[in-house]
Amino acid sequence: MTENNEHDIYMLGIGGIAMGTLATMLKEKGYRVSGSDLNLYPPMSTHLESLGIPIFHGYAAENLIRSEKPDFAVIGNVIRKDNPEAQYVLESGIPYLSMPEAISRFFLCDHESIVVAGTHGKSTTSSLLAWVLTSGGLDPSAFIGAFVRNWDRSYRLGKGRYMVLEGDEYDTAFFDKGPKFLHYRPSIGLITSIEFDHADIFADFDAVYRAFQMFVQLVPPDGNLIVNADDVHCVEVGRECPGRFFTYGRSPGADWRMLDISCSPGEVRFTYVNGLNGRRESISSRLPGPHNAFNTLAVTAAASLAGMSHESIQEAVLSFKGVKRRQEVLGECNGVLVIDDFAHHPTAVRETVHALRLFYPDRRLIAIFEPRTNSSRRNVFQNDYALAFDEADCVCIKEPPGMDAIPEAERLNALQLVHDIDSRRKECHYFTSAAELQQFLLEYCAPGDVALCMSNGSFDGLPRALLNALEAL
C-alpha cells in the first residue's frame, strides 16, 4: 500500500537514535513531521534541527494541540502510558503506531526486508551489509541503530529491492511488549548470537530464546535465514525456520565456513568456503578483531544470497569506514589515541578489548568502562565483567548512574568489581564521576597509550572531553 505523503506525523520520544532516524526518513519521504522529547543531545538533536523538524522540549498535551491534531502519532518505547502526550493520544482518538509498526507501514510496503538480529554485532553487521549492497549497485534502503560513517547518518532511502533493518529484540512500546523485530517481515533473516541480555524485560535466557523463536517463524518458505554456526542456540532456533536455513562460522558443517583468521595492525584477513559454490575465497577488512571477521563473513553470506559476487563484496568491505561509537577513533593527541565504543554486555566488552589488543599490539591499552544499561547496572553480570578486561593493561570503572532505579539486592557492585579485577593482577581504579575519571586519565596517560572508552550512553561526554583536554595540554 502506498501511503498519502500529506500526513502530519507526531513522534513521542523523537530524540532517540531509532526514533530520530525514523523522523528523518519520514521527512525525506515527504511527510510533515514534528515531535517531542525530554532529553535531547547531539548528534541527533542537531541533526533534527538541521532538517527543520519542529521539536518540543518536554511532554505536554498542548504540544499535540499546537501541532493541529496530527494524522498519526508514533510512540517510542521510552514513553510510558501515563505520559501526558500518550494520554492525550489515547483519549482523543489519534491513530497511533509504535516505531517498528511505522517502519513496516510506511517503508516495507516497497521493499523486501533483510533483518539483522542477535545479542551482539547488530549495528556493525547491518551497517556493513547495507553499505556492501549499496556499493554493489543494489540501491537498498536501510534503518540502522547507529550512524554509518560512509553516510554520516543512520539510514538510507533507496529504490532497490531490499531494505536492511537492524532487528532489536527489545520491547516495542507500552502497548506492545513484544520484540521490535517481530514487525519487520524478514525475507532474509540473520542472527549473529543469542545470549541473555535486557534483564529489565526478559526474566531469563529462555525468555530471550523464545523471542528469537518467534523471529525465525516470520521467514517465509521462500525466504532465507542465516545464523551463527558456532552458537548452539542460533543453530537450534534456526532449525525451526520455515524457509531455507544457512550457517556461517568455524564449525565444520557451516555453509560459509571460516578456515582461518589473520589479525595484524590495521588489517584483518580471513579465508572461508563459499556456501553457494564451495569455493575457497579470502576477504581483507579494516574492522578490528576476530568478532568483526565473523560479522563480515555473515555479511558475505547475506550479500551472496542477494546476488553479489565475491569481488564486489571485497571491494565494498575495504571501502567501509565503520560505525560511529563502534571502535571509533576520535583522534590522537600527545601520543594518546582516544577510542569511543558502545560495548556494554560483558561479551562485547571482552571482544572489543581483544580486538584492540590485536590491532595495537605495541601500545598500552587502558579500558575505561561505564556500566549504564538496565542489565549492566544489575549484578546478573557481576562475575562476567570481572573476566572481561584480562587483555587490558589498566582498567577504569566508573560508578553507574541511576542506581536508585535498581532494587538494592539486584545492583551491580562497582567497588566489588574493581576488587575482583584487581585480584586477577590487573591494575584497576574506581571513580564516582566522569570529571574525576578524566582528571586521572590526563595525569596517567602517556604517549603511545590507547584510551578505550566503553559505554552505551553519553558517558557524560568523557571521550570527546578527554581528547579536547589532551589537546589543551
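1. Within strand 23, C453 is the bridge partner of I368. Helices (H or I, at least four residues) and strands (E, at least two) are DSSP runs, numbered from the N terminus. Two strands pair if DSSP finds at least two bridges between them.

2. This is a predicted model, in which local features need pLDDT of at least 70 and side-chain atom pairs count only at pLDDT 80 or more, while totals for chains, interfaces and linings use all residues. Residues are numbered from 1 along each chain as its sequence is written, and side-chain values use heavy atoms, with hydrogens and water left out.

3. Strand 23 has parallel partners. Strand 20 (residues 365-369) runs parallel to strand 23 and is joined to it by five bridges. Strand 19 (residues 336-341) is also parallel to strand 23, again with five bridges; here V450 of strand 23 is the bridge partner of L337.

4. Buried means under 20% relative accessible area, exposed over 50%, and partly exposed in between (1.4 Å probe, protein chains only). Strand 23 (residues 450-454) is largely enclosed by the rest of the structure, because five of its five residues are buried. V450, L452 and M454 point one way from the strand, A451 and C453 point the other way, and all are buried.

5. Strand 21 (residues 394-398) and strand 22 run parallel and are joined by five bridges; H429 in strand 22 is the bridge partner of C396.

6. The structure holds 17 aromatic pairs. One of them is F369 with Y385, a tilted pair at 5.2 Å centre to centre and 45° between the planes. F369 belongs to strand 20 and Y385 to helix 12 (residues 382-386), so this pair ties together parts 16 residues apart in sequence. Both residues are buried. Rings of Phe, Tyr and Trp (its six-membered ring) pair if their centres lie within 6.5 Å; planes under 30 degrees apart count as stacked, over 60 as edge-to-face and the rest as tilted.

7. F196, F369, F381, Y385 and F389 form one aromatic cluster.

8. Two arginines sit over rings. The charged end of R153 is over the ring of Y155, 5.1 Å from its centre, and that of R326 is over the ring of F342, 4.2 Å from its centre. The criterion is NZ of Lys or CZ of Arg within 6 Å of the ring centre and within 35 degrees of the ring normal.

9. Helix 5 (residues 99-106) is mostly covered, with six of its eight residues buried: M99, P100, A102, I103, S104 and F106.
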